[in-house]
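Subject: Structure for your review

Dear colleague,

Please find below the structure that I am handing over to you. I would be grateful if you would look at it alongside the notes that follow.

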Amino acid sequence: MDGAARLLNVPSTTFAWPFLHAELDGMSAATPLAQMKFDHVATPLWQLLTGDTAGSLGETSALVLAVVGLWLGLRGAFDWRIPVAVLLGTVLLGGALHLVDPGHNPSPLFLLACGGLLFGAVFMATDPVSSPVAPRGAWVFGLGIGALVVVIRDYGGRRPRASSVRDPADERGDAADRAQGAAAAARTEEGRMNADALDQAPEPSSSSLRLVATLTAAGALAGLLLASVYAITLPTIEANAAAAVRRAVFEVVPGTASMQKLVLDGARFVPADGSEAKDAIAVYAAYDQAGKHLGFAIQGQGRGFQDTIKLLYGYDPTREGLVGMQVLDSRETPGLGDRIGKDPSFAAEFAALAVAPEIVVVKHGTGSEPCHVDGITGATISSKAVVRILNERNRALLDKLPKGDDVPPAPATQQEGDK
Amino acid sequence: MNAAPQQDQASRAYAEFVKGVWRENPVFVQVLGMCPSLAVTNSAINALAMGVATTAVLACSSLLISLLGRFVPSQVRISTYVIVIATFVTVVDFTLQALAPGVHKELGAFLALIVVNCLILGRQEAFASKNPAGLAVLDALGMGLGFTLALSCLGAGRELLGNGSLFGLSLFGPHYEPWVVMVLPPGGFLMLGVLLLGFAWFKERRAK
């Protein structure tokens, strides 16, 4: 906040919130849902009820939302079935999953009280333009939303290459973002229309068979087109990615003039000769102009806030520390999480960073040890994800890297980065 | 005798094309597609790339919907439009990733979000599904051009003020103190507000 105030040249008290935490002029933290998902920390229920927690404007206090929803429902401002069905769907599916695996799936009470669920159930699901008018349709619609919320909250964003479907109830972005999964949108639409069709006699001209047939044909055609475009573009995309990695090696190990790709063969790294498996674990040995070995560029990847984060970092064995880090690919939230790759001051944190005993993320501006990384305000989860990837890679690979005379000599012909 | 209807057709086609550029400009008049207009216009090149990508998706979708729209039952038309649009967005995504990885990285998540640009769905529902393929494509290209122009205005203005450069070329020399807020998210709102104001003022003066 202070930064924003300085930027706009207004007194920082402009942003002060006089009622809670009066001594601070601004604070930032991950939302309760993110804390649950990534750190398995449950926010106390009382804080969720009163809204003394992080979240988007208007969604934080479950108690206020419940009262407002009750009042609006009693006044007949919307169809009461929709919010009730949304909450019922969440409790039924969330409760069942909680009973199966309480360690991993949060309790239904937590699900109800946090994120934008209550806000969405009262103000968004009941939107008169896009909600069903028939009573039975309202039940189907609401139960479907509730079930989707539980599925996305408990299982969303886990598969490494899944398209980035976000938690619809934990959105910090604008409303348009929520419709991100086009397939999900299509399904919702379809479900709603079918629900409508149950209650209102379908138009005589199109039987449900024709509706299904049309959508199936459209889906099949889309799939065919996508599969062929994917097959055509894949080699170029992979070549681009490989070239980007080679370019990045020059960045993360300063002074690099040539490099050699090494792949893990059993317990040790050997120079790559092109016959290795595509997914073999690889590092790049980097050399300066005189052929002196500078260090290694190591590729790592892992789950970020949205999707897989891929990065490359330079490791100098003589200093036992990192000398650089670059994010190769990420789909973190624009403006917040994507600063892991775009904020030069965050990248600078890795220019001289000790790896022992372990790299630790600290709140911005409080780093004191050589192994401390200043996290990005507003992107705690993404900062932590980067450091987690680094630590995992370090643990797995550092003692396997070739040492001293085992390091292969610099390649005779200098390899260009952008081939 | 034949010349008059032909001329009519030509002028109709011309009208459908130019309306999107000025009179019904998607950003300045219809105020559609605000998400990309605000989010990716922090530099001229990003704005231009976003505009071109959106135009490509819009033109392909309009062509297909105009040709096939009458076979689609009205109950599932929106679902079908979304499938068609999402398909072309993914095609554009792959293509950019292969041909222009730098631009692809810069646009990031907003490329996939072209799916939910209401301009595209709106043109399918309002125009492409009811008009012959030729007109639908002209309408799409016109709207796309209008969208691209509007985004480029926003992007060029913001980059100029916030970074002192245009398409990455520094214009004002090293002594220019950049107005950083213009390339940050609030700058999008400021610039859009100023441009909307200017547009409305210009239209009012012309109407008099």
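In chain A, A:Leu262 stands opposite A:Pro271, a residue of strand 2. Please bear in mind from the outset that this is a predicted model.

The pair just named belongs to a wider pattern. Strand 1 of chain A and strand 2 (residues 268-271) are paired through four bridges, in the antiparallel sense. Together strand 1 and strand 2 of chain A make a hairpin, with two residues between them. In that turn, A:Gly266 has a positive phi of about 70 degrees.

Strand 1 (residues 258-265) of chain A also runs antiparallel to strand 3 (residues 282-287) of chain A, and six bridges join them.

How many strands form the open sheet of chain A, and in what order? There are seven, in the order 2-1-3-4-5-6-7, and their pairing is antiparallel. Strand 2 and strand 7 (353-354) of chain A are at the edges; each has a single partner strand, so one side of each lacks a neighbour in the sheet. For strand 7 of chain A, two bridges connect it in the antiparallel sense with strand 6 (residues 321-329) of chain A. Here A:Leu322 has A:Leu353 as its bridge partner.

Helix 11 (residues 208-252) of chain A lies across strand 1, strand 3, strand 4 (293-303), strand 5 (308-316) and strand 6 of chain A.

Let us now turn to chain B. Its secondary structure consists of nine helices and two strands, arranged from the N terminus as α-α-α-α-α-α-α-α-β-β-α. Chain B has 208 residues, of which 48% are buried. Of the contacts in chain B between residues at least 6 apart in sequence, 74% are between residues at least 24 apart. Chain B exposes about 10000 Å², with 70% of that supplied by carbon and sulfur atoms.

Just after helix 8 of chain B comes B:Gly164, which takes a positive phi of about 70 degrees.

Yours sincerely,
A colleague

Methods: Residues are numbered from 1 along each chain as its sequence is written. Chains are lettered from A and ligands numbered from 1 in the order in which they are written. This is a predicted model: local features need pLDDT of at least 70, side-chain atom pairs count only at pLDDT 80 or more; totals for chains, interfaces and linings use all residues. Side-chain values use heavy atoms; hydrogens and water are left out. Buried means under 20% relative accessible area, exposed over 50%, partly exposed in between (1.4 Å probe, protein chains only). Contact means heavy atoms within 4.5 Å. Accessible areas come from the Shrake-Rupley method with a 1.4 Å probe; for residues, only the protein chains shown count as cover. Two strands pair if DSSP finds at least two bridges between them. Axes are lines fitted to C-alpha atoms, for helices over the stretch in contact, and angles run from 0 to 180 degrees between N-to-C directions.
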